[in-house]
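Colleague: Hi! Could you walk me through this one?
Modeller: Happy to, let's have a look together.

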Amino acid sequence: MRWLHFLTSAPSRSLVIAISIIGLATVALLESHSRFSAQTYQQYGTESSSSSSFVEPVLPITDVAWHSPEGSAVYFLLTHGIIQGYPDGTFRGGELVSRAELAKMLILAGSIPITHIFNNGRFHDVAEGEWYTPFVLTAEAKGIAEGFPTQRILFKPSLSVNTAEFLKMLTRTFNLREGMPQSYADVPEKIWYEPFTGVAWQYELLPLRPATFLQPNRLLTRREVAIAIDLLFHQPQRRRSPQWPPPVVPLLFTIPLPL
């Protein structure tokens with residue numbers, strides 16, 4: 001019965017109580033650190049490479065890798081109200097971007113005020129009251145997008161956008177300089193989209209493609225558009241040449257994400 005006497009002795013009870021207190025304090029400290037780490041990640045959208053204690057936030061998009069270029073871009077677009085994702089909580093970055101989707105993303109990214117809400121017969125294929133109608137009409141009014149064909153009576157909101165068209169719309173949205181130097185091997189001289197290709201080259205907006213091939217007719221995915229917009233806003237502090245003007249982008253308001 002010596003073991004029972006040991007457990008019931010005063011010094012032993014004190015030791016057990018002390019160990020219990022230390023254990024509870026350690027648990028509380030770890031929980032506090034985890035909460036702080038999650039709040040820090042939510043605020044800055046990044047994880048320190050020297051620490052593994054950061055906790056992944058629960059965000060309203062479930063199909064992106066948050067530590068990838070796409071994840072960083074989607075986080076930026078979400079926190080500035082440029083995208084919302086689909087109702088099922090996905091971004092679907094591999095899907096092709098439509099003219100309607102691109103119009104909305106560019107109008108919001110460029111902080112361009114909505115100037116037109118009603119179609120009033122402007123485009124025969126744009127219905128009143130659709131989610132994209134104000135963005136399409138404003139983009140057309142601001143010269144960012146144009147209708148089809150010669151009469152410009154169709155907008156084709158569900159039509160996919162190729163790279164050349166995207167660069168033209170991006171250039172006009174942010175008033176970027178046209179005719180900047182580029183060295184793409186697949187861009188013919190004096191073709192209609194040549195003045196806009198330097199934007200992609202100088203600002204390195206298409207990092208998922210070969211460096212010297214623009215692929216102007218390639219249709220853009222939602223992922224590529226998100227990354228390009230994100231890169232335009234987060235240009236590194238460097239210059240290729242004295243003729244390379246930094247992009248002028250608007251100051252966007254941050255929107256808290258629902259957790």
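Colleague: Let me pick a residue. Is Glu101 buried or exposed?
Modeller: Glu101 is buried, with a relative accessible area of 16%. Buried means under 20% relative accessible area, exposed over 50%, and partly exposed in between, using a 1.4 Å probe and protein chains only. Bear in mind that this is a predicted model, where local features need pLDDT of at least 70, side-chain atom pairs count only at pLDDT 80 or more, and totals for chains, interfaces and linings use all residues. Residues are numbered from 1 along each chain as its sequence is written, and side-chain values use heavy atoms, with hydrogens and water left out.

Colleague: Thanks! Where is Glu101 found, and what does Glu101 touch?
Modeller: Glu101 is in helix 4. Setting aside residues up to four places away in sequence, Glu101 touches Tyr86, Leu96, Trp131 and Arg222. Contact here means heavy atoms within 4.5 Å. Helices are DSSP runs of H or I with at least four residues, strands are runs of E with at least two, and both are numbered from the N terminus.

Colleague: How many helices and strands does the protein have?
Modeller: There are eight helices and zero strands.

Colleague: Now pockets. Which residues line the second largest pocket?
Modeller: Glu101 is one of them, and the others include Tyr86, Trp131 and Arg222. Helix 4, residues 99–109, gives the most to this lining, with three residues. On a 1 Å grid over the protein atoms alone, a pocket is an open set of points where a 1.4 Å probe fits, with protein on both sides within 12 Å along at least five of seven lines; lining residues have an atom within 4 Å of a point.

Colleague: Switching to Thr221, where does it lie?
Modeller: Thr221 sits in the loop between helix 7 (194–203) and helix 8 (222–233). Thr221 is buried, at 14% relative accessible area. Leaving aside neighbours within four places in sequence, Thr221 contacts Gly93, Gly94, Glu95, Leu96 and Val97.

Colleague: And what does the side chain of Thr221 reach?
Modeller: The Thr221 side chain reaches the backbone nitrogen of Glu224 at 3.1 Å.

Colleague: Last one: why is helix 3 largely enclosed by the rest of the structure?
Modeller: Nine of the eleven residues of helix 3 (residues 69–79) are buried, so the rest of the structure largely encloses this helix. Among the buried ones are Tyr75, Phe76 and Leu77. Gly81 follows helix 3 and has a positive phi, near 70°.

Definitions and conventions: Polar contact = N/O pair within 3.5 Å; in protein donor to acceptor, adjacent residues only side chain to side chain.
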